[in-house]
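The following explanation leads through a metal site and then through the packing of helices. Please keep the sequence and the model in view while reading.

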Amino acid sequence: MRKLFIDIGGTHLRSELIDETESFSEICSSKEVPLMAYVEEKLARYDDIGFVGIAYAGQVHEGVILSAPNIAVDEPQIKKTVAERYGVRLEIDNDLNCALLAEANEWNVQNMAALYVGTGIGAAVMEKGKVIRGSRNLAFEIGHIPYRQTPFTCGCGRNNCIELFASGSGIAKQLYPYNENRRIDLSMLSRSQIENERRVAEEFETALVHAAGTLVTLANPELIVLGGGIIEHNPYLLERLREKIASYALGASLERLRIERSRLENAPLSGAKLLEKEETWNH
Ligand SMILES: [Zn+2]
């Protein structure tokens, strides 16, 4: 039996097709290939696929895609449709929840949080080995806590989210409105001759510590794992966060806290592989 695992974001769709002996990886543009069409193409080509696990950069609840600010949705009822048409079990979860599953496995910690900063900023929290989901699987959407008014619009439609400061898309909106795909080097920005660039870099750091401190105060994790593209390309942020977090979180909740950087190459995809074993919360 083969298994298909997918990590889909606003730019890329990464997949792995695995059987007992082999594994094939593929990457394509998620703007060109819609998710359902991709899954159906694979199911038609390989009739022995028995499980599909998907890490999704959007809001997902009970196998239904609720919203996706950066991905075109060709079939919201993807789990039900695949079960009906092909008789195949498909599990889909938010990519941050998937990353958290993979990080918990990697660090072997049961009370922890994942804080990922890439295009957006997102968090997921686990208590006693269970992901805290809320009533519609939307718990700990830290990127959308109100922070400060801006002239820009967040993916969620409001203009005061912390994501507009502490994320790649936020920096891009403030600095590169016509070229959002630039790789962001924060240490370079913070040394820039242009005052606006230095300001944006400084505000990014403050907003990031604010988000991390809020997460610690609300969720009281034992470990926070930082990940995502912006953290990967700016590894010094780990030290900066360790230095500054005391001013942004409740003292008592910092006592046993560790902050680390992700060691995984693609945590959401690794987490998609764990969805098959995840408690069947959405059945
Ligand atoms: Zn928002």
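In this predicted model, four residues coordinate the zinc ion: His144 through ND1, and Cys154, Cys156 and Cys161 each through SG, at 2.0 to 2.3 Å. The angles among the four donor atoms run from 100 to 119°, and the site is tetrahedral. Along the sequence, the donor residues follow the spacing H-x9-C-x1-C-x4-C. Two of these donor residues can also be described by their accessibility. Cys154 has a relative accessibility of 5% and therefore counts as buried, the cut-off being under 20%. Cys161, at 0% relative accessibility, likewise counts as buried.

The description now turns to helix packing. Two packed helices are described by the angle between their axes and the distance between the axes. Helix α1 (residues 35-45) and helix α2 (residues 78-86) have axes that come within 12 Å and cross at roughly 25°. Because angles under 35 degrees count as roughly parallel, α1 and α2 are classed as roughly parallel to each other. Their crossing is right-handed. On the α1 side, the contact is made by Leu35, Met36, Val39, Glu40 and Leu43, and on the α2 side by Ile78, Thr81, Val82, Arg85 and Tyr86.

A further pair consists of helix α6 (residues 195-219) and helix α8 (residues 237-244), whose axes come within 10 Å and cross at roughly 60°. With this angle, α6 and α8 are oblique to each other. The crossing of α6 and α8 is right-handed. Here Phe204, Glu205, Leu208, Val209 and Ala212 of α6 meet Leu237, Arg240, Leu241 and Lys244 of α8.

Key: Residues are numbered from 1 along each chain as its sequence is written. This is a predicted model: local features need pLDDT of at least 70, side-chain atom pairs count only at pLDDT 80 or more; totals for chains, interfaces and linings use all residues. Side-chain values use heavy atoms; hydrogens and water are left out. Donors are N, O and S atoms within 2.8 Å of the metal (3.2 Å for Na, K and Ca); water is not among the atoms, so sites may look incomplete. Four donors count as tetrahedral if all angles lie between 85 and 135 degrees; four count as square planar and six as octahedral if opposite donors are over 155 degrees apart and all others between 65 and 115; anything else is irregular. Buried means under 20% relative accessible area, exposed over 50%, partly exposed in between (1.4 Å probe, protein chains only). Axes are lines fitted to C-alpha atoms, for helices over the stretch in contact, and angles run from 0 to 180 degrees between N-to-C directions. Helices (H or I, at least four residues) and strands (E, at least two) are DSSP runs, numbered from the N terminus. Angles under 35 degrees count as roughly parallel, over 145 as roughly antiparallel, 65 to 115 as roughly perpendicular and the rest as oblique. A crossing is left-handed if the near helix is turned anticlockwise from the far one by less than a right angle, and right-handed if clockwise. Contact means heavy atoms within 4.5 Å.
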